[in-house]
Every structure is written in structure tokens, then in C-alpha cells.
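Please look through the sequence and the model shown below before reading on, and keep both in view while following the text.

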Amino acid sequence: MPILNEHYWEARYQARDMPWEKGEPSPGLVDFLAVHPELKRGTVCVPGCGAGHDVRAWARAGFEALGCDIAPSAIQLAEESPAEAGLKARYALHDFLKDKPPARFEWVFEHTLFCAIDPRDRDDYVQGVLRWLKPDGNYLAVNYLIPDQDGPPFGTTRDELMKRFSPHFDLLNEWVPRSYPNRTGLELMLWWSRQGRL
Ligand SMILES: C[S@@+](CC[C@H](N)C(=O)[O-])C[C@H]1O[C@@H](n2cnc3c(N)ncnc32)[C@H](O)[C@@H]1O
């Protein structure tokens with residue numbers, strides 16, 4: 001397996017080898033934001049944001065959104081997206097698994113970062129979510145339930161996700177979202193809260 005560090009991801013962007021790039025936000029996220037106008041608008045971090053479509057979806061819904069990515073070319077792509085008046089969307093170069101966050105966020109939104117990292121780093125990923133999130137924050141994840149062990153992307157199961165996250169969060173809701181056509185039925189959204197663990 002290649003070493004999945006910043007050089008690996010930067011090379012994928014430089015080679016334009018980015019099949020994950022769909023030119024639009026996660027359909028599951030779009031629907032979530034549309035059916036929850038009641039949510040208090042706050043701050044959100046989108047780790048592994050790539051070209052930033054999900055960051056801008058949160059910002060369009062009124063959140064103050066920061067996308068972070070380990071690959072400079074991803075940040076450049078995100079920053080080159082057409083300006084939209086009044087949008088509170090920013091991007092920064094960070095290693096989500098290792099870096100101290102510039103601030104802690106009310107939401108962390110996962111979409112194809114968990115499946116992109118080396119599965120041996122999943123404990124660090126969970127610690128990253130806990131570090132970047134406020135103590136009473138929400139963690140919303142579009143999880144990719146594929147069997148693949150030769151990633152990225154690497155698969156996971158609902159069982160693994162429960163084992164990893166339920167010690168730290170309460171599960172508020174779970175559902176199979178609308179997806180990009182090639183992922184239909186393979187995604188599971190989990191909405192976790194730390195509120196009850198204060
Ligand atoms: C499969 S891509 C998904 C990009 C974006 N979420 C999307 O769905 O279009 C995985 C992204 O995670 C980034 N990444 C990988 N490891 C990371 C880390 N430790 N911290 C932050 N970003 C990381 C990669 O550079 C890449 O942009």
C-alpha cells in the first residue's frame with residue numbers, strides 16, 4: 001500500500017487522478033441541510049475537503065465553514081471556485097489527524113476522508129474529530145460502506161463505526177441518503193452529538 005501522506009494526495013491532484021471529484025456537494029448533505037432549517041447556524045469544519053463543494057454547501061445554508069485538506073492543490077482548487085457574495089467559506093492546509101485546530105467547531109462534517117486514510121490511522125481520525133469539535137458539538141458523517149481492503153477508498157461497516165464513535169457520542173439519527181449515482185445504496189449517514197457526554 002502507498003504511504004497516504006500529503007505527497008501521495010498532492011500527486012493525485014497534480015495528475016488530475018481524482019475520481020472522487022463530482023463537481024457538486026454530497027447529495028446526502030444537500031438534503032440534510034434542506035430538511036433542517038431549524039438548526040442553529042454556527043461553525044463547521046469539513047476535513048479532507050478536496051475542491052470544497054461541501055464547504056460551500058454548508059456556507060450557502062448560513063454556516064461559517066472551514067474546509068481543510070492535506071494537499072495544497074486541493075486548497076488551490078477550492079479557492080479558485082467562483083466567488084459567491086456573502087459566502088462564509090474558507091480553506092486551509094491542515095493534517096486533520098495530526099494538527100491542532102485553529103479553533104474548535106460546532107460541527108465536523110465527514111465525507112470520504114475516513115475511507116481515504118490508512119485504516120491503521122482510524123484511532124487518530126477519531127481523536128481528530130474529538131480535538132476539532134467543541135465539547136457539545138455535532139459530528140455528521142456520510143460513511144462509505146464498501147468491502148474494499150485495497151484502497152483508498154477503504155471500506156468500513158456500520159458495526160465498526162458504532163464501535164469507534166459510540167464511546168464518545170450519542171447517535172441522533174441514521175439513514176441511507178440520496179447519493180451520487182455510482183454510490184447509491186452504499187452510503188450511510190450518521191448524525192452524532194457530544195451534547196449528552198458533557
Ligand atoms: C477521496 S478525497 C475526498 C475529497 C472530498 N471530501 C470529496 O468528497 O470530494 C480525500 C481527501 O482527503 C484529503 N486528505 C487525506 N488525508 C488527509 C488528512 N490527514 N488531513 C486532511 N486531509 C486529508 C486528500 O488530500 C483528499 O483531498
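The paragraphs that follow go through cores, helices and aromatic rings.

This is a predicted model, in which local features need pLDDT of at least 70 and side-chain atom pairs count only at pLDDT 80 or more, while totals for chains, interfaces and linings use all residues. Residues are numbered from 1 along each chain as its sequence is written, and side-chain values use heavy atoms, with hydrogens and water left out.

A nonpolar core is a set of buried Ala, Val, Leu, Ile, Met, Phe, Trp, Tyr and Cys residues joined through side-chain atoms within 4.5 Å, where buried means under 20% relative accessible area, exposed over 50%, and partly exposed in between, with a 1.4 Å probe and protein chains only. The largest nonpolar core has 25 residues, and those that touch the most other members are F96, Y125, W132, Y139, F165 and F169. At least two residues of this core come from each of β2 (64-69), β4 (105-111), α5 (122-132), β5 (133-144), α6 (158-165) and β7 (187-193); these helices (H or I, at least four residues) and strands (E, at least two) are DSSP runs, numbered from the N terminus. Helix α5 gives the largest share, five residues. Apart from this core lies another, of 22 residues, with V55, A57, W58 and A65 among them.

With residues up to four places away in sequence not counted, Y139 touches V108, E110, Y125, V129, L133, F165, F169, L190, W191 and W192, where contact means heavy atoms within 4.5 Å. Y139 also belongs to a cluster linked by ring pairs, together with F96, F105, F114, Y125, W132, F165, F169 and W192. Rings of Phe, Tyr and Trp (its six-membered ring) pair if their centres lie within 6.5 Å, and planes under 30 degrees apart count as stacked, over 60 as edge-to-face and the rest as tilted. By this rule there are 22 aromatic pairs. In one of them, F114 and Y125 are edge-to-face, at 5.2 Å centre to centre and with 85° between the planes. This pair joins distant parts of the chain, since F114 sits in the loop between β4 and α5 and Y125 in helix α5, eleven residues apart; both F114 and Y125 are buried.

Which residues of helix α3 are buried? They are H53, D54, V55, R56, A57, W58 and A59, and because seven of the eight residues of α3 (residues 53-60) are buried, this helix is largely enclosed by the rest of the structure. Just after α3, G62 takes a positive phi of about 105°. In helix α2 (residues 27-35), the residues P27, G28, L29, F32 and L33 are buried, and what covers them includes α3, β4, β5, β6 (170-175) and β7.

A last pair of helices shows how two axes can meet. The axes of α1 (residues 6-14) and α4 (residues 72-79) come within 7 Å and cross at roughly 50°; such axes are lines fitted to C-alpha atoms, for helices over the stretch in contact, and angles run from 0 to 180 degrees between N-to-C directions. The two helices α1 and α4 are therefore oblique to each other, as angles under 35 degrees count as roughly parallel, over 145 as roughly antiparallel, 65 to 115 as roughly perpendicular and the rest as oblique. Their contact is made by E10, Y13 and Q14 of α1 and by P72, S73, A74 and L77 of α4.
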